[in-house]
Structure formats: C-alpha cells, structure tokens
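Take a look at the chain below.

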Amino acid sequence: GAIVATGLLDAGGRNVTIGLTSRTGNKIMPAIVGMGIFSHFWFWHPLLLFVSLAFTPTAAIGLNADLRMPQWRFKSGAPPSAFAYPPPTSNEKKEVASTVATASLSTTAKAAKIDKAKKAEAEAAEKAKAAERAEEERVAKEKADLAARDAMLAKLTELHKRGSLSGVLHASLTGVAAKSEGGGAADAGDAMDTSADAGAAGKPSLEALVGEVREAHARGDISTAAVAAVLKLQPDKADEAEFDFEVLENPSRVLRSQERFCSLLPASRYEPVAKGRTSGVIMLKDTAPDAEEELLPLPAALAAASEAAEEEEPAPPEPFELPA
C-alpha cells in the first residue's frame with residue numbers, strides 16, 4: 001500500500017492529479033471506470049495501470065492568438081506552502097542522543113579557578129584586538145554584500161533570458177539600461193555581463209536591490225518562485241516569513257483545489273477568453289494589441305525544428321518512364 005501511494009504521488013512528475021469530473025461538473029466515464037478497475041488490483045496487479053485513465057494534468061498554460069506563450073502572471077491568494085509539491089520520502093533514521101550524568105570530582109573546583117584566571121587574561125588580550133577584528137568584520141561584510149549583489153544581478157539576468165522577467169523590469173532592477181544603445185533588454189543583460197570589471201557604477205546596493213525586488217513582487221511583476229530564487233542569495237539570510245499569496249507565471253502548476261484562489265492581477269495585460277478559467281489550456285485576449293509583445297523563448301529542440309521547417313525543400317525528381 002505504501003509503495004502504491006508513493007507511486008501515485010510521483011505520477012506524472014508530481015504534475016497530475018486524479019479527477020473524475022470535468023471543470024464544468026460533468027462526469028468523465030473513462031476516469032470513473034479506470035478508478036473502479038484500479039480498486040481491484042489485489043486480484044491482478046496489472047490492474048494498477050488503469051488508474052492512469054483518471055490522471056488530469058495540473059497545469060495552467062496561457063496561449064495568445066498565435067498559440068504562443070506570452071509573459072503572463074496571475075495571483076494565487078494562498079501561501080506557497082499550501083499547494084507546494086509533497087516533500088520527498090526519506091529512509092533516514094532519527095537517532096535520539098542519550099544523556100549521561102556528569103560526575104563532580106574534588107579537583108573540579110581547583111581547575112575552575114585556574115580556568116577563570118586564564119579567561120581573564122584572554123579577555124584582556126581580546127579587548128586589545130577588538131578594534132582590529134571589528135574592522136576586518138566590516139570589510140568582510142562589505143565584500144559579502146557586494147558578492148551577493150552581483151550574484152543576485154546575475155540571477156536576474158538569467159531569469160530574464162528564460163522569460164521569467166520582462167525587459168523593462170530587468171533594466172530597472174539591474175540599472176544597466178543606459179549601457180544599451182538601440183538594443184533591447186537582452187542587450188542590456190549582455191552589457192551587464194561584459195562590464196563586470198567596470199566597477200560598481202550604475203549598480204544598485206544590496207539593500208536597494210532587495211527592496212525593489214520585493215516591490216516588484218507586490219505589484220505582480222515577478223513570480224514568487226523567481227523572488228525566492230533571488231532572495232536566497234542574500235548573505236546571512238535569516239528565516240523570512242512566508243508570503244501570504246503567490247504570483248504564478250505562465251506556465252504554472254495549478255491544482256484543482258487551488259483554482260478557487262486564483263485571480264487576475266490588477267494591471268494584467270492578458271485576460272482569459274473564457275471568463276473564470278484558471279487552469280488547463282487558457283486562450284488569452286490581449287488588451288493592448290498595439291504594444292510590443294514579449295513571448296517566452298522556445299525550447300532548443302522546438303527552435304531547431306522551426307528553423308529546419310523554414311529551410312527550402314529539395315525539388316522533386318524529374319519525370320521519367322519505367323522501361324517495359
């Protein structure tokens with residue numbers, strides 16, 4: 001039973017769920033029959049495979065009029081942990097440390113006095129080096145902050161190239177828009193990569209960058225997953241409170257029970273053609289068709305296939321007659 005339950009959790013890469021009714025409330029007979037046969041698997045183990053008839057993808061994929069995926073985000077009004085992936089199972093055994101009573105010897109008091117004198121000498125020597133140590137810590141903290149800021153800027157550029165960050169927001173966060181003349185946001189990201197040795201001119205401070213990233217997340221301009229990937233690069237990051245909402249990007253994993261928490265962002269450019277649809281394949285209506293549209297980059301395999309399709313096809317062979 002535990003093995004079957006683990007297999008159901010891991011089915012479809014943990015991106016499917018069991019659904020016996022459609023989104024309109026109609027019964028799905030193949031799924032119902034599949035679950036019925038699956039429940040008798042103890043008679044014959046191959047009946048386990050019938051459960052796949054009830055699997056439904058947990059995905060929200062937004063498409064425009066050209067069947068391409070634009071940069072589109074929407075809001076889930078529940079904390080990220082409410083509908084997160086189930087934690088992976090582990091076979092590690094927890095060991096409980098046993099406590100042993102400490103015996104007190106007659107020489108303990110004498111040793112304590114000697115240790116106290118040594119500690120007093122050590123404290124006096126430590127006070128003499130306090131100023132030097134504080135300066136070293138300050139310099140080390142500044143270096144750590146600069147390294148964390150550069151790592152966060154590099155992560156933002158990576159997210160932009162993946163399509164998780166718009167060109168305007170990327171230029172605003174990284175502060176490199178002025179370095180790109182006549183180019184797009186991708187050129188600005190390349191300019192940031194090639195000018196790493198030019199100094200910190202034009203780059204925001206760590207505190208300012210963190211604040212701007214949080215403000216962009218509050219507006220819905222960046223997804224919660226992208227924010228978490230950026231903020232985890234902070235040095236000595238303390239445990240932060242979990243967000244009480246989640247910004248999802250196109251495409252995303254949306255469970256059936258999560259659909260009632262999903263809604264459009266206030267300044268969303270795209271709206272579903274079918275009102276209230278928040279999962280599955282969602283056809284989107286562009287409310288600003290005259291503005292430039294930012295699309296998600298195609299995977300390498302699809303890009304290569306589309307380029308090959310545009311190549312000229314070879315000419316057909318010349319007509320010929322077969323000899324009798």
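Predicted model: local features only at pLDDT ≥ 70, side-chain atom pairs only at ≥ 80, totals over all residues.

Residues are numbered from 1 along each chain as its sequence is written, and side-chain values use heavy atoms, with hydrogens and water left out.

Asn-64 sits in the loop between strand S3 (60-63) and strand S4 (73-76). Strands (E, at least two residues) and helices (H or I, at least four) are DSSP runs, numbered from the N terminus. Asn-64 has a relative accessible area of 5%, so Asn-64 is buried. Buried means under 20% relative accessible area, exposed over 50%, partly exposed in between (1.4 Å probe, protein chains only).

Gln-234 lies in the loop between helix H8 (224-231) and strand S5 (246-249). Gln-234 counts as buried because its relative accessibility is 18%.

Both side chains have polar partners. A polar contact is a pair of N or O atoms within 3.5 Å; within protein, one must be able to donate a hydrogen and the other to accept it, and residues adjacent in sequence count only if both atoms are side-chain atoms.

| Side chain | Partner | Distance |
|---|---|---|
| Asn-64 | Glu-293 side chain | 3.2 Å |

Met-152 is among the residues that touch the most other members of the largest nonpolar core, which has 18 residues. Such a core is a set of buried Ala, Val, Leu, Ile, Met, Phe, Trp, Tyr and Cys residues joined through side-chain atoms within 4.5 Å.
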